[in-house]
Amino acid sequence: MKPRKVPLRKCVACQNMMPKKELIRVVRTPDGEVGIDLTGKKAGRGAYLCGKVACFKLAKKSKALDRALKQPVGEHIYDQLEQDFIAVEEQFIATKEQTPDDEDE
Ligand SMILES: [Zn+2]
């Protein structure tokens, strides 16, 4: 029996490697819009953050998303993302608990 491989991604704020489903993906679309991607499937350059507001605040402070998305993220975008992050945090945690463990492809 081969152990199942869990895809790991690094949180851009705290630099911890985490299973993908523990992380929230922030995406910069080809149009240059930055937003939270709960599906993890949107096209564009992605950055991952732990599903914790504390990590988002850290990313905001250190401008980690600017580096990860290779584009300056304005203060107002960070503010907007922070609101969204708080709004999705609960939903994200609930979804995570429901998701069965067999979704790798
Ligand atoms: Zn983190």
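In this predicted model, Ile24 has Leu49 of strand E5 as its bridge partner. Strand E3, which covers residues 23-28, is joined to E5 by six bridges, and these two strands run antiparallel. In general, the strands of a sheet are paired through backbone hydrogen bonds, in either a parallel or an antiparallel manner.

Seen as a whole, the sheet is open and consists of three strands in the order E4-E3-E5, with antiparallel pairing. Strand E4 (34-37) and strand E5 (45-50) each have a single partner strand and stand at the edges, so one side of each remains without a neighbour in the sheet. On average, and with direction ignored, neighbouring strands of this sheet are turned by 30° against each other. Helix H3, made up of residues 75-98, packs on the sheet, where it touches E3 and E4, and its direction makes about 5° with that of E4.

The C-alpha trace spans about 50 × 25 × 25 Å along its principal axes, and buried residues account for 21% of the 105 residues.

As for confidence, the mean pLDDT of the chain is 89, with 92% of its residues reaching 70 or more. Among the elements, helix H2 (residues 64-69) has the highest mean pLDDT, 97, whereas H3 has the lowest, 87. Where pLDDT is low, the predicted coordinates should not be read in detail.

Key:
Residues are numbered from 1 along each chain as its sequence is written. This is a predicted model: local features need pLDDT of at least 70, side-chain atom pairs count only at pLDDT 80 or more; totals for chains, interfaces and linings use all residues. Two strands pair if DSSP finds at least two bridges between them. Helices (H or I, at least four residues) and strands (E, at least two) are DSSP runs, numbered from the N terminus. Axes are lines fitted to C-alpha atoms, for helices over the stretch in contact, and angles run from 0 to 180 degrees between N-to-C directions. Two residues are in contact if their C-beta atoms, placed from the backbone, lie within 7 Å. pLDDT is the predictor's confidence in each residue, from 0 to 100. A residue is buried if 20 or more other C-beta atoms lie within 10 Å of its own, exposed if 12 or fewer, and partly exposed in between; C-beta atoms are placed from the backbone.
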